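Student: I have a chain to go through with you. Can we take the terms one by one and test each against its cut-off?

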Amino acid sequence: APASWDWRDHGAVSSIKNQGTCGSCWAFSVTGNIEGQWFLKNGTLLSLSEQELVDCDGLDQACKGGLPSNAYEAIEKLGGLETETDYSYTGMKQSCDFTSVKVAAYINSSVELSKDEKDIAAWLAENGPVSVALNAFAMQFYRKGVSHPMKIFCNSWMIDHAVLMVGYGERKNIPFWAIKNSWGEDYGEQGYYYLYRGSNACGINQMCSSAVVN
Ligand SMILES: CCC[C@@H](/C=C/S(=O)(=O)c1ccccc1)NC(=O)[C@H](Cc1ccccc1)NC(=O)N1CCC(N2CCOCC2)CC1
């Protein structure tokens, strides 16, 4: 795998979004992954709808949380995702307003990735941004630089947030993951969180997944 990679350099990542007070991070993680998969298959970068998942994904709990694995299944059943413009974000659960006529992107299946950070980096560089989940404790106090929280402050078994891994590299010999968050542009470094790579920090390696677009 390349020593570093960043899908933002290849046009596969949409702009930073803001989930607001709704616990819909799981939906943003999944739309970010599918935006990347769709771009790499069809050459078009779309901004896809999280609100469709909040309102219409009955396997998840809208603003009270969800799992990417459930969301992929729900998207397959619904038939795809509408664009952010067609089904815009309100940050509150409403009645489902999905219409298959407006589907802009669809998926065929999904995959769970290896839990080995070397394999995850190789998969990412080859296939696109990855939906990941982690313990977000350190993220809440993050401002800039490569976050390397002590294990006691970032328990790998208390995973409570879902985000999008868009790249990896090294800063002053410190290996990092570049992570797209959904807490707005003012968060961290222009909306991004940089986490130490190589010690399974905060459980980042535990739940890596991606949609598959054939
Ligand atoms: C209230 C939900 C908040 C929301 C988004 C987080 S957040 O708001 O961005 C945030 C996270 C951490 C600190 C501060 C803010 N978190 C989630 O959606 C997290 C994300 C996650 C956690 C663990 C593994 C994978 C993904 N998921 C969850 O919170 N849930 C996962 C599914 C679970 N279901 C219960 C019923 O039976 C089926 C499963 C409900 C809770």
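Student: Leaving aside neighbours within four places in sequence, which residues is Ile 204 in contact with?

Tutor: Ile 204 is in contact with Glu 117, Val 132, Ala 133, Leu 134, Met 165, Trp 177, Ile 179 and Leu 195. Contact means heavy atoms within 4.5 Å. Some ground rules: this is a predicted model, where local features need pLDDT of at least 70 and side-chain atom pairs count only at pLDDT 80 or more, while totals for chains, interfaces and linings use all residues. Residues are numbered from 1 along each chain as its sequence is written, and side-chain values use heavy atoms, with hydrogens and water left out.

Student: What makes a set of residues a nonpolar core?

Tutor: The members must be buried Ala, Val, Leu, Ile, Met, Phe, Trp, Tyr or Cys, joined through side-chain atoms within 4.5 Å. Buried means under 20% relative accessible area, exposed over 50%, partly exposed in between, with a 1.4 Å probe and protein chains only. The largest such core here has 36 residues. Ile 204 is among those with the most contacts inside it, along with Leu 134, Met 165, Trp 177, Tyr 193 and Leu 195.

Student: Which elements give two or more residues to this core?

Tutor: Helix H4 (117–127), strand E3 (130–134), strand E5 (161–171), E6 and E7. E5 gives the largest share, five residues. A second, separate core has 18 residues, including Val 30, Leu 48, Leu 81 and Val 213.

Student: How many helices and strands are there in the protein chain?

Tutor: Four helices and eight strands. Both are DSSP runs numbered from the N terminus: helices are H or I with at least four residues, strands are E with at least two. The order is β-α-α-α-β-α-β-β-β-β-β-β.

Student: Why is Glu 185 called partly exposed?

Tutor: Its relative accessibility is 48%, so Glu 185 counts as partly exposed. Glu 185 lies in the loop between strand E6 (174–180) and strand E7 (192–196). Beyond four places in sequence, Glu 185 is in contact with Ile 16, Gln 190 and Gly 191. Asn 18 is 167 residues away in sequence, yet 7.8 Å away C-alpha to C-alpha.

Student: How do you know that the radius of gyration agrees with a compact globule?

Tutor: The rule is 2.2 Å times the number of residues to the power 0.38, over C-alpha atoms. For 214 residues a compact globule would be near 17 Å; the protein chain has 16 Å, so the two agree.

Student: How much of the protein chain counts as buried?

Tutor: 53% of the 214 residues.
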